[in-house]
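Visitor: I would like to go through this structure with you. Could we take the chains in turn and then look at how they meet?

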Amino acid sequence: MSDKNNLIVYCEFEDGKVADVSLELLTKGRVLATKLGVKLEALIVGDKLDNIENQVFPYGVDVVYKVADARLYPYTSNPHAAVLINLFKEIEPQICLMGATCIGRDLGPRVSSCLHSGLTADCTSLEIGDHKDPKTGKEYQNLLYQIRPAFGGNIVATIVNPDCRPQMATVREGVMKKEIFAADYKGEVVNLDASKYVSDADFVVEIIDRHIEKSKVNIKNSPIIVAGGYGVGSKENFDLLFDLANTLGGEVGASRAAVDAGFVEHDRQIGQTGVTVRPKLYIACGISGQIQHIAGMQESSIVISINNDPNAPINTIADYVITGNMEDIVPKLIKYYKKNSK
Amino acid sequence: MSLNIIVLAKQVPDTRNVGKDAMKEDGTINRAALPAIFNPEDLNALEQALRLKDANPGSTITLLTMGLPRASEIIREAMYRGADTGVVLTDRVLGGADTLATSYSLAQAVKKFGNYDIILGGRQAIDGDTAQVGPQIAEKLGLPQVTYAEEILELKDGYVVVKRRLESGVETVKCPLPCVVTVNGSAAECRPRNAKLIQKYKYAVSPSEVEKLDDAQKALVEARPYLKLQEWNAAYVEADLNQVGLAGSPTKVKAIENVVFTAKESRRLENNDEQIEELIQELIANHTIG
């Protein structure tokens with residue numbers, strides 16, 4: 001493997017729009033590629049890909065590979081895996097990033113298994129660094145540090161992939177920040193002939209029916225989040241949180257425990273197995289603050305914790321701690337907001 | 001039509017509720033303090049297998065697990081709910097494996113079964129949350145895969161129709177058999193243990209457990225072959241030792257750190273009207289809200 005092999009991001013898209021998670025990975029990929037002195041490449045596999053490169057170029061993409069075939073959209077496992085496997089044998093990327101989505105987590109393992117390249121799921125941070133094998137003493141330069149929570153989020157592990165390529169990693173939506181690199185950045189477009197990468201035999205799974213709905217919940221981009229935990233106690237009490245969120249112009253989030261208890265739907269879950277958020281204001285009600293939850297909201301600017309337990313772990317990272325029943329306190333917050341705002 | 005169903009399952013430490021006593025003073029995890037449980041989504045997969053068995057009398061469900069010899073506990077747990085038998089793939093050389101080495105070892109074990117119609121497993125295990133082993137096994141066996149399955153709607157004529165739960169909707173797919181299906185936590189919960197099956201299988205043991213039984217129990221196991229669980233090692237499944245365990249894992253753990261969050265200086269407020277109104281006024285004044 002030469003040090004000049006490039007970094008490639010597998011881009012997902014729906015309704016002709018490249019997914020946010022892919023743009024976030026391109027943003028991160030640009031930084032890593034620059035550090036390595038290599039090109040940032042994007043791979044888009046699907047149908048009706050005309051001009052789709054213009055959506056990714058501003059993120060600093062040097063090469064866009066496009067593989068178009070009507071049968072490649074919507075996504076199915078084997079055909080997309082075949083494209084990646086055969087293309088990677090040809091262009092030998094040193095790093096491949098994909099979203100830790102239903103697609104990326106279905107595709108990544110299949111590709112890594114065939115290429116015998118290591119894959120690290122759900123990374124929360126990616127860095128470039130050196131490594132020395134503790135046993136052999138062999139030294140490696142410029143490896144991808146794949147940093148991820150392990151053991152239910154109770155520890156953080158740095159994983160490296162010393163000998164196998166590509167070094168593959170998936171990252172959840174919202175974990176990396178999406179940022180335009182240069183609005184007028186232009187790279188090269190490489191149109192690949194789908195039939196050279198995927199065979200008819202790969203199309204084994206047939207999609208009979210598909211209902212994709214844009215999530216109605218947009219907690220990722222909400223500047224104010226009122227989040228509830230198991231301590232909220234019931235679906236009915238969550239209505240109070242919705243009242244507060246509506247009053248303040250925010251969204252309602254939840255901890256995994258509250259979602260598991262059925263108080264709210266899964267797309268409101270914040271934390272390692274949900275969404276990562278960075279609002280201006282995070283009001284945590286009845287959330288004890290398991291590590292997994294804190295990891296998904298610790299970058300909030302201001303945190304208010306409302307909890308019966310004065311020693312709830314979340315209080316240590318809160319700017320304001322109000323000890324008491326959320327059923328008492330939340331209505332007061334609503335009342336005084338209405339009184340003081342014009 | 002009777003089916004040969006393989007369910008992949010893992011015995012995992014219960015990482016969902018790691019209390020203070022489970023963390024050692026040096027910040028590492030005291031695994032011994034965590035109960036070992038049946039990986040939750042593998043139970044969802046077992047339920048889908050049991051439904052297939054209900055609909056196709058004469059079918060057999062075999063649980064396959066890789067781990068320590070004590071993982072036979074989850075085989076019994078599955079048998080109390082309706083599984084027929086199980087295999088523990090256990091060998092020191094398999095230890096320290098990443099997902100790729102794990103999937104290779106399990107795929108080798110699956111090959112030993114010869115005939116099977118469908119392989120089911122949980123989407124992911126709670127100790128790693130990677131969701132990689134299912135698709136990797138499918139690739140190694142040259143089988144198609146259906147991930148994020150919520151319900152098996154139909155199985156007939158060599159096909160399975162599966163409803164998948166995606167982050168932004170649902171998808172129904174038709175996939176030829178044999179295939180690998182990984183089941184989501186949103187699928188139906190596993191049925192509870194059945195009292196009759198507990199009676200029937202409570203002495204189901206693996207070879208390394210037989211020794212712990214008294215003579216009467218040993219005689220019982222001898223007389224009833226369905227109480228004999230199997231233990232396979234790396235040699236038995238003809239595993240290439242370069243592809244298993246720590247040595248066969250392309251990913252290496254470079255460092256492990258305890259999670260430490262920077263504590264902030266918190267202001268403690270009383271639950272009274274004055275202090276809450278002051279807080280609101282402050283948040284409005286600094287344009288956080290309003």
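Guide: Let us begin with a term: domain bounds come from an automatic or database domain assignment. For chain A, that assignment gives domain 1 (7-202) and domain 2 (224-340). This is a predicted model, in which local features need pLDDT of at least 70 and side-chain atom pairs count only at pLDDT 80 or more, while totals for chains, interfaces and linings use all residues. Residues are numbered from 1 along each chain as its sequence is written, and chains are lettered from A and ligands numbered from 1 in the order in which they are written.

Visitor: How far apart are the C-alpha centres of domain 1 and domain 2 of chain A?

Guide: The centres lie 34 Å apart. The contact between them takes 7 residues from domain 1 of chain A and 6 residues from domain 2 of chain A. Two residues are in contact if their C-beta atoms, placed from the backbone, lie within 7 Å.

Visitor: Which classes of residue are on the domain 1 side?

Guide: The side of domain 1 of chain A that touches domain 2 of chain A has 2 nonpolar, 4 polar and 1 charged residues. Here Ala, Val, Leu, Ile, Met, Phe, Trp, Tyr, Cys and Pro count as nonpolar, Asp, Glu, Lys and Arg as charged, and the others, Gly among them, as polar.

Visitor: And chain A overall? How many helices and strands does it have?

Guide: Chain A has 8 helices and 18 strands. Helices (H or I, at least four residues) and strands (E, at least two) are DSSP runs, numbered from the N terminus. The C-alpha trace of chain A spans about 65 × 50 × 40 Å along its principal axes. Of its 342 residues, 54% count as buried. A residue is buried if 20 or more other C-beta atoms lie within 10 Å of its own, exposed if 12 or fewer, and partly exposed in between, with C-beta atoms placed from the backbone.

Visitor: Which strands pair across the two chains?

Guide: One such pair is β13 (residues 206-212) of chain A with β9 (residues 169-176) of chain B, antiparallel over 6 bridges. Two strands pair if DSSP finds at least two bridges between them. Within this pair, R210(A) has E171(B) as its bridge partner. Another is β18(A) with β13 (residues 267-269) of chain B, parallel over 3 bridges. There, I322(A) stands opposite L269(B). Strand β18 (residues 320-323) of chain A also pairs with β17 (residues 302-307) of chain A, in the parallel sense over 4 bridges, and Y320(A) is the bridge partner of I304(A).

Visitor: Back to β13(A): what sheet does that strand belong to?

Guide: It is part of an open sheet of 10 strands with mixed pairing, in the order β13(A)-β9(B)-β8(B)-β7(B)-β10(B)-β6(B)-β1(B)-β4(B)-β5(B)-β11(B). The edge strands, each pairing on one side only, are β13 of chain A and β11 (230-232) of chain B. Inside the sheet, β1 (residues 4-9) and β6 (residues 118-122) of chain B run parallel, joined by 4 bridges, and L8(B) stands opposite G121(B).

Visitor: Something else: is helix α4 of chain B mostly covered or exposed?

Guide: Helix α4 (residues 133-141) of chain B is mostly covered, with 9 of its 9 residues buried. Those buried residues pack against α4 (104-115) of chain A, together with α3 (99-113), β6, β7 (145-156) and β10 (179-183) of chain B. Just after the helix, G142(B) takes a positive phi of about 70°.

Visitor: One last residue. Why does Y80(B) count as buried?

Guide: Y80(B) counts as buried because it has 20 C-beta neighbours inside 10 Å. This residue is found in the loop between α2 (72-79) and β5 (85-89) of chain B. Not counting residues up to four places away in sequence, Y80(B) touches R193(B), N194(B), L197(B), I198(B) and Y201(B).
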